[in-house]
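Me: I'm new to this one and would like to learn how to read it. Can you walk me through it?

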Amino acid sequence: MAAVQALLSAFTKTPHTPANSYTSNTINKGTGDESRRLLRAEFSQELPARVRARLLDGLPTHEEVAALNNALGAQTHMHYQDFLKSAQLVGPPLRQRFFLASTFDKFAKDRDGLIDVEEFLKFVQRSVDVERVQLELAAHASPGSASVSEQELERFVLASIPRTPLVAGFSPPLHADFLPFYVFTAVRRFFFFLDPQRTRTLSIHKLAHSQEMDEFLWLQRLDQYRDDYEGDAFQQQVAGNWFSAQNAIKLYDQYVRLDEDGDGMLSQAELLAYHGSARGSGGGGGVQLTPAVIARIFQENITYQPAKMDYKTFLDLALALECRDHMQSLRYFWRVIDLRKDGLLHPSTVDFFFRDIRLMLLERGYDSCPQAEDVRTEVMDMLGEEAAGGERRMNGGHCLGPVSFKRMVASGQASTVIAMLIDIHKFWAYDNRESLGSGGGDEEGEEGSGEGALLPNNSSGSGGSESPGADRDEDQVHDGGGSGRRGPGGVAPRSFGTASSGSTPAALLRAQLGNEGGDDDDPYDF
């Protein structure tokens, strides 16, 4: 793809040039530690490119691995003798690496000494993937580095597009100006889940072995899996993959639709119209964050003025809502609800966030909304009777808290409690769990069920643009803050189009999805 090559040159930094060029004669003149130092310098600066190229050439190709799958696919189990016979069906790269007695011994055997063929094939595919990815990532990393930065991982993803059929071969072809945003969407998932300390670097080893990388590489091996699915199951699997072009298009289009003033960034008022992605526990039934929660999200994640959300920060929020049960999502929202920054959830914090929940539900005609005292008691009881430090502080049989993040996670109710405090849909679903016939909490696989659809419609459509009770006594919520520098994302999706243009990337992308009307034709509404 010409567009990918042009972008890759823009993403690529100046190639590293060694300060000194060490020849074999130079090294031979050295002695002892000096000789070893020069040898290390040569390896870290000049040899890796040649070594990586040779190692990559020696790896089994996707076609060879696919052929092995086809050759063994009819079998469920095999004996060691069958294992040795199968080695004759493959070329040297696979035979020399995997058809060894030591490899066979790695797998559990049944009473007849047979191993599971599917487990063996998974091992081969995973091993090849990990080794290839580590070598390719190293090519984009700084010389001698065992990690990659965000920009280096972006170059890796961009270079992978031609090998990804449903991205490179998307029909009609992706708009060239959209490709960077596909890259940003892909890379953000890696960093959200694999960089909990937000160092903005990832270990190559950890990245190559991650579940996220396996999901990314799945799209490059589509031809191996098509026959494993029946009916629409394959397309559903593709649509559920974060790294698919369809998902990136939907997220980007959603972001552009929220950006009402067309400045490429989202204000708090604009984000109030966000109803979640069409995926995962944060999608389907819809999301409605409260003004207080949105203000806290801005306060925690945006350190520049004016406080507006860029595309990368928006992706973090989308990921946190989509995977609410994941530890990184729990940490994301813990930073939001930890108002005092003391690592504890206080009963007064529950009151603070419930005020907006209650107000928005009452505005939508939900007259059965409970009182703050009842919600506070329910939440603290759900999280257990042990307060911070293990001290039992009870009042009338109820826990007073405060509760630590560790204790909240240990209770098994962390995602449910967080959802109740940030999302009026999830709060309503929990409050009506008995009539809905569920046990409360987040229900997976309810996409499109629309739990909030049972609530009355709100004629105002927004639930208010400002957080009620602005002059609260405790923990004022401000509109961001910080040093005035531009944020780390710094991405303005409207930089190559305007909202009124009929040929904007957003319009083109909606056409690619086969839906000119987009999500607004079927808005999630109470």
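Reply: Helices (H or I, at least four residues) and strands (E, at least two) are DSSP runs, numbered from the N terminus. This is a predicted model, where local features need pLDDT of at least 70 and side-chain atom pairs count only at pLDDT 80 or more, while totals for chains, interfaces and linings use all residues. Residues are numbered from 1 along each chain as its sequence is written, and side-chain values use heavy atoms, leaving out hydrogens and water.

Me: What share of the 526 residues is buried?

Reply: Buried means under 20% relative accessible area, exposed over 50%, and partly exposed in between (1.4 Å probe, protein chains only). Here, buried residues make up 48% of the 526 in the protein chain.

Me: Which residues of helix α26 are buried?

Reply: Helix α26 (residues 424-431) is mostly covered, with 7 of its 8 residues buried. They are Ile424, His425, Lys426, Phe427, Trp428, Ala429 and Tyr430. These buried residues pack against α22 (347-363), α23 (372-382), α25 (414-422) and α27 (433-436); contact means heavy atoms within 4.5 Å.

Me: What sits over the ring of Tyr430?

Reply: A charge sits over a ring if NZ of Lys or CZ of Arg is within 6 Å of the ring centre and within 35 degrees of the ring normal. For Tyr430, the charged end of Arg433 does this, 4.0 Å from the ring's centre.

Me: How many aromatic pairs does the structure hold?

Reply: Rings of Phe, Tyr and Trp (its six-membered ring) pair if their centres lie within 6.5 Å; planes under 30 degrees apart count as stacked, over 60 as edge-to-face and the rest as tilted. The structure holds 29 such pairs. Take Tyr80 and Phe104: their ring centres are 5.2 Å apart and their planes meet at 65°, so the pair is edge-to-face. Tyr80 lies in helix α6 (residues 80-86) and Phe104 in helix α8 (residues 101-104), so the pair ties together parts 24 residues apart in sequence. Tyr80, at 26% relative accessibility, counts as partly exposed, whereas Phe104, at 5%, counts as buried.
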